[in-house]
Protein chains: 2
Amino acid sequence: MNTGAFSLVHTAMRAGVEVCFANPGTTEMPIVLALDRAPGMRVVLGLFEGVCTGAADGWARMTGRPAATLLHLGPGFANGIANLHNARRARTPVVNWIGDHATRHLAFDAPLTSDISALTGSVGWTRTVKSADEMAEASLAAVEAALGPPGRVASLIIPADCQWEPGPEPLSATPSPALRETPGPALQEAARLLRKGRGGILLGGNALTVPGLHAAARVAAATACGVWIETFPSCQECGRHVPLFPALPYFPEQATEALANVASLVLAGAREPVAFFAYPNQPSRFLPDGAALCKLADPEVGVDAALALEALAQELDAPTGVMPPRTVPAFVPGGRPLTPDTLCRAMAAFTPENAIVVNEAATTGLTWNAEHASNAAPHTMLFLTGGAIGQGLPNALGAALACPDRRVIAFQADGSGLYTLQALWSMVRENADVTVVVCANRRYRILQTELARTGIAEPGPKAQALTDLTRPVIDWPALAKGFGVPSCSVHTDGEFADALLRAFAERGPSLIEAVLA
Amino acid sequence: MNTGAFSLVHTAMRAGVEVCFANPGTTEMPIVLALDRAPGMRVVLGLFEGVCTGAADGWARMTGRPAATLLHLGPGFANGIANLHNARRARTPVVNWIGDHATRHLAFDAPLTSDISALTGSVGWTRTVKSADEMAEASLAAVEAALGPPGRVASLIIPADCQWEPGPEPLSATPSPALRETPGPALQEAARLLRKGRGGILLGGNALTVPGLHAAARVAAATACGVWIETFPSCQECGRHVPLFPALPYFPEQATEALANVASLVLAGAREPVAFFAYPNQPSRFLPDGAALCKLADPEVGVDAALALEALAQELDAPTGVMPPRTVPAFVPGGRPLTPDTLCRAMAAFTPENAIVVNEAATTGLTWNAEHASNAAPHTMLFLTGGAIGQGLPNALGAALACPDRRVIAFQADGSGLYTLQALWSMVRENADVTVVVCANRRYRILQTELARTGIAEPGPKAQALTDLTRPVIDWPALAKGFGVPSCSVHTDGEFADALLRAFAERGPSLIEAVLA
């Protein structure tokens, strides 16, 4: 007789789930046993739940299909929330399986009991299984909820008895990750607004694929509108093969200035741009008063933005664009100290074709994004979407397992990287082709900027200590060694370039600590 | 003009809060500035929020007074939930300050926006500040809520504008952490039940202090009742100076057997014992049918269990006990391979008087608890209360800062230690006298036991992989080096004893990887 856990796992597999990022405990043992005997289901241990959820996010960003996570009750799920928050903002499909105490045991309020659904509800769709009979149907419902459109985080809370009791026959549905195709009447509205002049387009979602970016360029050529990319996209095609558009700036004063002359803004896969944080004398919204806003492809209902842009280009009779060839600055090896600029320049020179760059490099990552990614070979960039740091290394793990034939570069700030550094270990166990580049400026640079923005001329020692990562200096090569990852530390662009080339020549993970001057 | 943040911080200081474990972001900058200029308030940076909340728990377990944490919106708080869950189960007073977007900015659903109160509500008392005018009163209310009795986790959600706008004069109240003194009519009931014979007492909370344990011994001597200690106490006085009682066993079949002959159970600072997890053919409750239950000192309403036991001893005319001197097995240095037994034996021989042992050593920790702690010099033990692993290293940090004249031993399982290993860095920065002993069995041993309990004769490779921490082996000395902690690795009890003595002779943290055979 098959268990409820068997029904869960096999239904999910038939619905397209082929990997489970797991850190289970006692309440998940029947699911562990079901995974154990499910050929074709890959099971990856994370040493911390934030690794599991971030890896599931990375996997799904690259495949469009959800991975499962297997997490241990409320506290185990809580450890994964930060990266699920990022997945929620990226609209990534993720399916969480969270064990709970057996139904009859809940009333006794045993030590690990907590209100799990309060936690799961904070990041998306949630359902608590009531009986083993539901296990196939609930499993499919979670995959369908995750796929959307739009993609979302879907969490199943599964009491242990629902796992271990006899379960129903697995279901055999294969929901597919389709975006909605019709932009609807917004298409004519967008064309009308852009024809009037002083228009703008903000790109997000799948507008950042190759077809989407080319269509946006055609629309821009036809209407002389401005085009921006949302500040924190989920997944963006980058490099010499696609048109180059600026990201909308991060700080309100700069974003407001960028959009100052816009009479209308067409949203293609992006939401209306708002400030990441509020400041005492800065606006929350960036658009000038009276500017029109048109939702051509609303990401919150899952409209296909690339198709919508192509339809818009056609509507506007836009000529098929010919991209001018881009001149790539040659990299001359040297002994220049590493700065965000020299580091990114070297990386742009050597990024392998078809690489995946997971960009959680914070201040250095903005430099990459703004000035260097477009000069590199064609690659895909994943970005920190929800501001919950610690996304980079787990995302890189998941992306590498999703795309075993592509090189992943985890372009990582040191402060954020410390949040989920346990991902390094799983990279070794899974032999993931991830080259981790730690941009070691040894501080929370963004917070130093924010401190300065408060108007404080000279922060005292306690405020300074909160943004400083020296005392003691963090030895990233030693941390890498601790988790079994080969590593080195470099101080100049020449050393960095050599280290990159060595890393790319080998299979499996390695870590380069790039010490910034 | 003082800010709301100033009102918050100074009110909390006057109410007895003297340390803040922080990992702030932009929405907490005004609080950072207020902390910066608050002489007497210690500010400790954690590289991950679970470090901050676990340290606050450890601080409060040793002082009875809350520390503050400073956390960055929903995801920052979420990273701290697991250790707050443990604090909730320990009934530890903790005050969380969580920044949120400025009130006017919330409606725009910026990337870091989430339902914070859903998260904070899951671990205790919560309040969202609505205006800077409330900041003094809300700050005091949070400290009062945390102190209880019983102690609890109290969370203030503080929009950034409430921090930066002008705030009221700080309040000057000094709530004190008093337990309730009256056991009430339960005293006579407990005496009556125990006089009838076949009685038992279950100790928890402050029944595990020196006076509480001695009073329990007097009651046992007077009534021949059994005495057990709750399986996962918050804080327990251990060593040769206190009577030795067994912990109630972890597994249901063993706990049920231990209590099989009990006709009545008196709860002194503990709740009714229930199974940590449910199993298909095991009960949730341990007491035999018909056994009477008496709440002499109910921890959920904060009754002083030590005083209640003393009153019970007096009610029973129990003689003042004379503890028989305990024979301490001598430690003969040798080359014995490290097992839970040889390791604990060496540790018992050298634990310094008045040490604090933070026991998150899982299966090895149970051996310490059951057989060796009572032979060691007088010390205080902190335990994993809520089952949310990753409590040990942060707890040790907090306990060390609370008690700078006491040596802390972080007795740590390897699997759990990896959850919040970032605490090592803060130990160095704060020069905390913590000796970390990593019990490296290189597996999730408890899960291997649980797998076996499912009745599976031979788990397959995927189930095995989920409980195995080799491939690659984790190099703890390298991880320690990465965070600046001096370290070594030992394989025999003689090497371990030498390493302990070296560690105790130095100030500041160090780490010993004890590789179990």
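Biologist: At what angle do helix α3 and helix α14 of chain B pack?
Modeller: This is a predicted model. In chain B, helix α3 covers residues 49-63 and helix α14 covers residues 392-402. Their axes lie 6 Å apart. The helices pack at an angle of about 45°.

Biologist: Is α3(B) parallel, perpendicular or oblique to α14(B)?
Modeller: Roughly parallel needs an angle under 35 degrees, and roughly perpendicular needs 65 to 115. The angle here is about 45°. That makes the arrangement of α3(B) to α14(B) oblique.

Biologist: How many nonpolar residues does the contact of α3(B) with α14(B) have?
Modeller: Residues of α3(B), including Val51(B) and Trp59(B), meet residues of α14(B), including Leu397(B) and Leu401(B). The contact also has 6 polar and 2 charged residues. The nonpolar count is 11.

Biologist: Is Cys235(B) buried or exposed?
Modeller: Cys235(B) sits in strand β9 of chain B. A residue needs 20 or more other C-beta atoms within 10 Å to count as buried. Cys235(B) has 23, so Cys235(B) is buried.

Biologist: What separation do the C-alpha atoms of Cys235(B) and Met62(B) have?
Modeller: Along the chain, these two are 173 residues apart.

Biologist: Now chain A. Which element gives the most to the side of domain 1 that touches domain 3?
Modeller: In chain A, 25 residues of domain 1 are in contact with 26 residues of domain 3. On the domain 1 side, β2, α3 and α4 of chain A each supply at least two residues. With 11 residues, the element that gives the most is α3(A).

Definitions and conventions. Residues numbered from 1 in each chain as written. Chains lettered and ligands numbered in written order. Predicted model: local features only at pLDDT ≥ 70, side-chain atom pairs only at ≥ 80, totals over all residues. Axes fitted to C-alpha atoms, helices over the stretch in contact; angles between N-to-C directions. Helix = DSSP H or I, 4+ residues; strand = E, 2+ residues; numbered from the N terminus. Parallel < 35°, antiparallel > 145°, perpendicular 65-115°, else oblique. Contact = placed C-beta atoms within 7 Å. Nonpolar A, V, L, I, M, F, W, Y, C, P; charged D, E, K, R; others polar. Buried ≥ 20, exposed ≤ 12 C-beta atoms within 10 Å, placed from the backbone.
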